[in-house]
Amino acid sequence: MASLRGSTAVVTGASRGIGAGIAAALAGEGVRVALLARNEAKLKELSRTLDGSFPVKCDITSAAEVEKAVEMIQREFGGSPDILVNNAGIFGVASVEETSTKFFVDTINTNLVGPFLFLRSFAGEMRKRAKGHIVSIGSVADRTIYTGNAAYSAAKFGMRAVHEVLRAELRGTGVRATLISPAATDTDIWESVKLTDPLGRPHEKRPMLDPADVVRAVLFALTQPERVNIDELRLSHT
Ligand SMILES: NC(=O)c1ccc[n+]([C@@H]2O[C@H](COP(=O)([O-])OP(=O)(O)OC[C@H]3O[C@@H](n4cnc5c(N)ncnc54)[C@H](OP(=O)(O)O)[C@@H]3O)[C@@H](O)[C@H]2O)c1
């Protein structure tokens, strides 16, 4: 395993769930981590427990806030990070007819436009350094459609497309790009989701992955020898 010690990283959606787990694992490997999300109190609480980390309050649906966050991160690290983990995301379930314009737009902005703004901000400098790693957290829904997932799948399919274009454009530059696509994982993202079958009857929660399973996949991709790019990892429950 390649060592990450002394590297710098930005983890979006670090205030809880999978992102908080990735941030903690990276800090444990000696990485200085910018913890980014909207909930500043949670970020501050987490940063107190993770050596070398600092909070970056940012709503990634606002291009102006992303710009300010990028400037702050570049000031703190003296340039772009070595690692970007585009993890922040939202999820909701509604039939196409019941999906509001607001929810559709919010989902696209959070799960597709926001991650694009971050990778566009950092990829150029990574390319100049011939070193860097951009990890996108996708979903099984970035390749397979599920009923009720119009907004989420539109964003995640789009994010997979952006990842694949990026991967092709970065080939041979020394900069790596990885898409990690987990199945249902036990985090707060499910809290507001009413699980029903196609007839609207309550559905039992299926067994889920643990956030730590996704964290291990991210670390696996990041710690490969520099010649190895893990293009894509798809995680499903046994
Ligand atoms: N859990 C699953 O079943 C599952 C499965 C496949 C893929 N994923 C993907 O994994 C990623 C993490 O999900 P999770 O399960 O860990 O969800 P989670 O526990 O709900 O955490 C989501 C994170 O995203 C942040 N976030 C949401 N909107 C944001 C915004 N506008 N600006 C900045 N940060 C924002 C949240 O922070 P604040 O609220 O503080 O801003 C939070 O830290 C997402 O991309 C999700 O699509 C999850």
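Me: Which residue in E3 does Leu36 stand opposite?
Reply: In this predicted model, strand E2 is joined to strand E3, residues 54–57, by four bridges, and the two strands run parallel. Within this pairing, the residue of E3 that stands opposite Leu36 is Val56.

Me: What handedness does the β-α-β unit of E2, helix H2 and E3 have?
Reply: The unit is made of E2, then helix H2, which spans residues 40–49, and then E3. The two strands of this unit run parallel, and the handedness of the unit is right-handed.

Me: Which residue in E2 stands opposite Thr8?
Reply: Strand E1 covers residues 8–12 and runs parallel to E2, with five bridges joining the two. The chain passes from E1 through H1 to E2 in a right-handed β-α-β crossover. In E2, the residue opposite Thr8 is Arg32.

Me: Why is strand E2 largely enclosed by the rest of the structure?
Reply: Strand E2 spans residues 32–37, and bridges join this strand both to E1 and to E3. A residue counts as buried when its relative accessible area is under 20%. The strand is largely enclosed because, of its six residues, the number that are buried is five.

Me: How many Å separate a polar side-chain atom of Tyr152 from an oxygen atom of the ligand?
Reply: Tyr152 is listed among the closest of the 31 residues that surround the ligand, together with Arg38, Asn87, Thr185 and Thr187. Oxygen atoms of the ligand also lie 3.1 Å from a polar backbone atom of Gly13 and 3.0 Å from a polar backbone atom of Asn39. For the polar side-chain atom of Tyr152, the distance to an oxygen atom of the ligand is 2.6 Å.

Me: What percentage of the ligand's accessible area does the protein cover?
Reply: On its own, the ligand has 880 Å² of accessible area. The shell around the ligand takes at least two residues each from helix H1 (17–28) and helix H5 (150–170), and by class this shell holds 14 nonpolar, 12 polar and five charged residues. The share of the ligand's accessible area that the protein covers is 96%.

Me: Is His133 buried or exposed?
Reply: His133 has its place in strand E5, residues 132–137, and its side chain makes a polar contact of 2.8 Å with the side chain of Thr178. Since the relative accessibility of His133 is 3% and the cut-off is under 20%, this residue counts as buried.

Note on methods. Residues numbered from 1 in each chain as written. Predicted model: local features only at pLDDT ≥ 70, side-chain atom pairs only at ≥ 80, totals over all residues. Heavy atoms only, no water. Near = heavy atom within 4 Å. Polar contact = N/O pair within 3.5 Å; in protein donor to acceptor, adjacent residues only side chain to side chain. Areas by Shrake-Rupley, 256 points an atom, 1.4 Å probe, with all protein chains shown as cover. Nonpolar A, V, L, I, M, F, W, Y, C, P; charged D, E, K, R; others polar. Buried < 20%, exposed > 50% of the residue type's maximum accessible area, 1.4 Å probe, protein only. Pairing = 2+ DSSP bridges. Right-handed = clockwise from strand over helix to strand, strands pointing away.
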